[in-house]
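Please look over the sequence and the model below.

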Amino acid sequence: MYETIALVGATGAVGRIVLDQIVSRKLPYKRLKLLASERSVGKEVRVGDQTIKVELLEPDAFKNVDLVIGSTPDEVAAEFAPWAVAAGAVVVDESGFWRMDAKVPLVIPEVNPDAVDHHSGIIASPNCSTTQMVVALAPLHKAARVKRVIVSTYQATSGAGLAGNEELRDSIRDSLAGKTHPPKTFAHPIAFNLIPQIGSEKQDGYTSEEMKMVYETRKILGDDDIQVCPTCVRVPVLIGHSESILVETERPLTVMEATELFRGADGVTVVDDLAAKQYPMPLDCDGKDDVFVGRIRHDISGSGGIAFWCVSDNLRKGAATNAVQIAELLMRKAAAV
Ligand code: 2RA
């Protein structure tokens with residue numbers, strides 16, 4: 001059923017990983033098209049043992065395409081997704097544009113796989129900072145119902161694409177050379193600095209990135225009563241978002257129970273031995289697909305909740321891998337019919 005796949009945005013940081021994942025996970029497609037804007041048309045991209053030429057992203061490009069993976073900015077996804085659906089394709093979209101649309105399921109295959117059965121042509125993949133948190137929260141929610149989450153994020157510069165990492169490298173180099181480096185990608189210098197703003201000002205003093213963590217978490221877990229208080233921070237790390245999370249559940253969990261729930265969860269790896277200085281760190285998670293959880297402890301301030309630390313490669317599980325896993329899920333379900 002899904003014989004011809006199209007990737008929109010193949011030349012970006014995430015798009016490149018999508019292609020690597022399509023090959024390494026042996027997605028059972030017959031034909032693969034790469035679509036992008038005018039400036040990338042004609043570029044040749046190695047995909048496994050093939051070299052594929054990038055074609056222009058336009059309505060006719062989706063003719064005879066069965067499945068589309070979109071790895072583009074919101075405004076590009078807003079335009080191309082309806083073209084693809086009109087041509088009869090199913091779209092797995094990584095952008096933020098469609099995520100909160102009532103007709104669009106927001107899917108993490110380890111958490112809410114059956115949501116893909118209710119799409120109207122578009123399936124959305126959550127924001128990277130939401131994805132890793134919800135993969136970790138899901139087993140706790142299933143066992144004891146999550147009531148409230150307080151989360152602080154430490155987000156890598158690659159969250160802002162290739163330009164984000166370029167700015168980090170250049171600004172550190174210039175800073176060490178005693179030169180000033182006027183910020184371009186970020187609102188402030190990122191070298192040896194932390195920026196407590198990702199995205200735009202949204203509501204009640206929260207940013208768009210923070211409100212995504214509120215609304216997307218509720219949609220994926222199917223519980224609009226979950227209360228989330230996020231603070232999203234850009235940090236001078238190339239790859240890997242880290243999150244400090246305090247979660248309160250309806251039925252209180254012991255540290256041992258929470259740890260066992262993490263250990264038994266799909267997509268979660270526990271690294272938790274403070275005495276041995278073993279806990280998840282971005283450098284150890286780069287290039288891996290799991291969500292890594294550690295520093296698991298009870299809330300010493302008396303909420304009865306569980307505090308923990310979680311790290312994940314924001315370009316993989318946070319974006320490319322989750323989208324490819326959704327495509328895999330669709331193909332598996334179609335093959336089973
Ligand atoms: C970021 N989550 O980290 C946003 C978009 N990838 O910049």
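A polar side-chain atom of H241 lies 3.3 Å from an oxygen atom of the ligand. That is a polar contact, a pair of N or O atoms within 3.5 Å; within protein, one must be able to donate a hydrogen and the other to accept it, and residues adjacent in sequence count only if both atoms are side-chain atoms. Taken alone, the ligand exposes 230 Å², and the protein buries 78% of that. Such accessible areas come from the Shrake-Rupley method with a 1.4 Å probe; for residues, only the protein chains shown count as cover.

The model is predicted: local features need pLDDT of at least 70, side-chain atom pairs count only at pLDDT 80 or more, and totals for chains, interfaces and linings use all residues. Residues are numbered from 1 along each chain as its sequence is written, and side-chain values use heavy atoms, with hydrogens and water left out.

**The ligand site**

Which residues are around the ligand? They are N127, C128, Q155, G159, A160, I198, E209, R234 and H241. Each has a heavy atom within 4 Å of the ligand.

| Side chain | Ligand atom | Distance |
|---|---|---|
| N127 | nitrogen | 3.1 Å |
| R234 | oxygen | 2.6 Å |
| H241 | oxygen | 3.3 Å |

The space taken by the ligand is the largest pocket. A pocket is found on a 1 Å grid over the protein atoms alone, as an open set of points with protein on both sides within 12 Å along at least five of seven lines. A molecule sits in a pocket if more than half of its atoms lie within 2 Å of its grid points.

**H241**

H241 lies in strand β12, residues 241-249. Strands are DSSP runs of E with at least two residues, helices are runs of H or I with at least four, and both are numbered from the N terminus. Is H241 buried or exposed? H241 counts as buried because its relative accessibility is 1%. The cut-offs are under 20% relative accessible area for buried and over 50% for exposed, with partly exposed in between (1.4 Å probe, protein chains only).

Contact means heavy atoms within 4.5 Å. Not counting residues up to four places away in sequence, H241 touches C128, S129, Q132, Y154, Q155, A156, G159, R234, C310, V311, S312 and N314.

**R16 and V45**

R16 is placed in helix α1. It is partly exposed because its relative accessible area is 31%. Beyond four places in sequence, R16 touches A10, V45 and R46. A polar atom of the R16 side chain lies 2.8 Å from the backbone oxygen of R46. R16 and L315 are 299 residues apart in sequence, yet 9.9 Å apart in space, C-alpha to C-alpha.

V45 is found in strand β3, residues 44-47. With 9% relative accessibility, V45 counts as buried. Leaving aside neighbours within four places in sequence, V45 is in contact with R16, L19, L34, Q50, T51, I52 and V54. V45 and I108 are 63 residues apart in sequence and 28 Å apart in space, C-alpha to C-alpha.

**D174**

D174 lies in helix α4, residues 162-176. D174 is buried, at 9% relative accessibility. Its contacts, leaving aside neighbours within four places in sequence, are K179, T180 and H181.

**Loop residues**

K26 is found in the loop between α1 (13-24) and β2 (31-36). K26 is not a glycine, but its phi is positive, about 50 degrees. K26 counts as exposed at 69% relative accessibility.

N64 lies in the loop between β4 (50-56) and β5 (67-70). Its phi is near 65 degrees, a positive value in a residue other than glycine. N64 is exposed, with a relative accessible area of 64%.

H118 is found in the loop between β6 (90-93) and β7 (122-124). H118 counts as exposed, at 61% relative accessibility. H118 touches K103 and P105, not counting residues up to four places away in sequence. The C-alpha atoms of H118 and E260 are separated by 32 Å, and the two residues are 142 residues apart along the chain.

How values were computed. On a 1 Å grid over the protein atoms alone, a cavity is a set of points where a 1.4 Å probe fits but cannot get out, and a pocket is an open set with protein on both sides within 12 Å along at least five of seven lines; lining residues have an atom within 4 Å of a point.
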